[in-house]
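Please read them with the model open.

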Amino acid sequence: MATDELQNLQDNIQCLKEQLAGKRNTLITIAPEEKVRIKQQIEDLRRLIRYFEREKWDLVASESQEASFDCRGEKSAKKVSNPSIPSNVGKSTVNFVGREDELTLIHQQLQTEQGVIVCAVEGLGGIGKTALALEYAKRYQQEYAGQYWLSLRLSGLAEEIVKLAAPYLSLPEILKKESLEKQVNWYWQNWLPQQGKLLLILDDVPNIDRIPDRMLPKDSRIKILVTTRERCLSTEFESIALDVLPLDKCVELLTKIVGTAKVEQEKALVEQICHEILGRLTLAVELVGEYLAKNRHLKFSHLRDKLNLAHTALTKERNHKDYGHLGVAAAIKISWDDLSFAGQKVAMLLSLFAPVAIAWTLLEYTAKSTEITESELEEARGQLDNSHLMQPVDEDYSFYRIHPLVREFFQQQLQAIPQINSLYRCAFVETLLTIAKTIPQTPTREIIAAVTPAIPHLQLVSQTMLDDIPNPEDNLILVFLGLALFYKGQGEYNLAAVTLTKCCEEIQSRLGENHPIVADILNNLAVLYEFQGRYAEAEPLYKRSVSLIKQLLGENHPIVATSLNNLALLYQCQGRYTEAESLYKHSLSLIEQLLGKNNLYFANILNNLAELYLSQGRYIEAEPLCKRCLSLIEQLLGENHPHFATILNNLAELYRFQGRYAEAEPLSKRCLSLKEQLLGENHPDVAASLNNLAGLYKYQGRYIEAEPLYKRSLSLREQLLGENHPDVAASLNNLAGLYKYQGRYAEAEPLYVRAIAIYQERLGENHPDTQIVRQNFMILSNKAAAFL
């Protein structure tokens, strides 16, 4: 059964029924004059529910009619449905030995309990917790519909769940204003497939605060495996205390790596090294084995001498560390000493990255700003991989992970060389700043996919490396703004708002409360709220931003004018046209006084004022402003510029509203041609131009020419922005409108319904766009009823 589609239908029905119940309760308390409006909304909801119910049962019926027997006449095996989110657990180590009892115990306990914690006795690191979790996922892969890996070293469970699920599950708009806890609960409820269990591995949890009970899933089909160094992390789940490897398993592990003959020749010494020097820690034994495999001429007696020297040096440096930890450090040190200088440089650079899978291309990009050459990178890649100091995560060797203790060792080496430390930290931060700058206001799915590997590292910069950001007055905001735009581009407005709020706090702390960048952040947060239709929350932020700019720069400053322009845009969205017009005119006057009339500030505000007049039907006043703006943009930027194409489109729209189609068409076509030429055929702005040209044809009754343009616009937006983006809803509404004009009611109805569902999820029930499409749907329903 198409379970994803069925689940979506059921979710829509449940959401609509909850809204319906709320509306019915409202009828009891509201004034009589309001009841007509609420009753109309109730009728709309009932229509949508009936529509989704029909869709659901049609789907169920079609599935039930499918053959339940295969071509041999035998009953087909029932397939376990896959979850909406693809599994992301990496490869397990090829050197895994022992721990059979622990693997069996984990699986047994997960059958009766929801969660199991794998912890280390005495808080030891390098004991093999992560390797055990990966091996469990590999051994029991067939028993789970999906397996997920989350590292909680840097952030909490709630944030990581939202980041993992958001690209695949569209959070209802009403929940985007709620707490992370409520959002996470919704994701848990909508994550599960129709059948089967999910395995969630929470790796390297530093403390209980990272996995609060209220954030954990309630459904027992989601099994949770936690790894931690903390012995008593939580009483909610059963704990399995992982001890050091039995001595015979240490020998078995070394035998697996270096061969039986080499181990048997000096077996007594092998056992002594494993027990006394390496502390029978899995990571230490594995690193030593890989070291010997690479240095085949070395005997275990030589290895013992090297380890003892390393152990002695480390004891002097870190005499408060426990013995087992030093065993790991000694094993790392002999591999470190065996690296070339190139290998050591790359290892130190790697230590700056977040403790997640690291994209090698990101390392290569960072290395360009250091003294590390391409040949040194390749040399180091082979050495680090062969020494097992880093391990590939995927089959393509595109991503690598580093054990937290190895990363810690590398960091200590880097900190011991202040000059290199400073150079590498600067290169790392500048790389992430460059990536943050590439994230546009409306990132496409391609852009989101391209920058996703860098996001954990950008997040690390925002948390622990703000002091390393050069020119903080210019660049501090870029780290947070890049993260916020990344989240906003996926509809995760709450995470975007949290990021911008933290940015404001950091800037106030570092640069002072009365700083121009604070006003900039307030403005960005207001823009985010305005996009969501949260106008009441956006307005005070805009006003506070304007007030701060005036206080810092004086009443007569270009930034004051642009801030007033932004507030005017908000008023225009709210239909507060008189207030918007006053602010636009004040902004124009201020720019003219300070900079004259030949600048982009003046042109942009002029364009906004023209659009205000257009929305009011004041065409005679709008036209000269639009033409003047077009002339100014041509003068300042030239004809071959996206901004010029945008103003061409605005003038074409003005003519369309006036019925001056012959004048509008060449402008609209020229706009489309320019954007395809300047931005490429696969760009959101091209989709918008296609939509506008299609609208022009529709209003002329040229339906045959309009339809392929609308369809191409819709396809582009789905491809570039995702199927649940508000712009996709706009295209659906417009294509449905075309079908409605043609009397193709059956084709229009599902498009309207889908558009309403997207707008309700993304922008909320009370957003103007949602209300407009709902009205269009009701008009269609009435016409269809009359037709019947």
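**Notes on two helix pairs**

1. H15 and H18 are roughly perpendicular to each other, because their angle of about 115° falls in the 65 to 115 degree range that counts as such. This is a predicted model. Helix H15 covers residues 360-367, and helix H18 covers residues 418-437. Their axes lie 9 Å apart.

2. The handedness of this pair is worth checking by eye. H15 passes H18 in a right-handed crossing.

3. Which residues make this contact? From H15 come Leu-362, Tyr-365 and Thr-366. H18 supplies Ala-427, Phe-428, Thr-431, Thr-434 and Ile-435. Sorted by class, the contact of H15 with H18 has five nonpolar and three polar residues, with no charged ones.

4. Now the second pair. Helix H25 spans residues 558-573, and helix H26 spans residues 577-595. Their axes come within 8 Å and cross at roughly 160°. Angles over 145 degrees count as roughly antiparallel, so H25 is roughly antiparallel to H26.

5. Is the crossing of H25 and H26 left-handed or right-handed? The crossing is left-handed.

6. The H25 side of the contact includes Pro-558, Val-560, Ala-561, Leu-564, Asn-565 and Tyr-571. Among the H26 residues they meet are Tyr-577, Glu-579, Leu-583, His-586, Ser-587 and Leu-595. The residues of the contact of H25 with H26 divide into 16 nonpolar, four polar and one charged.

Terms used. Residues numbered from 1 in each chain as written. Predicted model: local features only at pLDDT ≥ 70, side-chain atom pairs only at ≥ 80, totals over all residues. Heavy atoms only, no water. Axes fitted to C-alpha atoms, helices over the stretch in contact; angles between N-to-C directions. Helix = DSSP H or I, 4+ residues; strand = E, 2+ residues; numbered from the N terminus. Parallel < 35°, antiparallel > 145°, perpendicular 65-115°, else oblique. Left-handed = near helix turned anticlockwise from the far one by under 90°. Contact = heavy atoms within 4.5 Å. Nonpolar A, V, L, I, M, F, W, Y, C, P; charged D, E, K, R; others polar.
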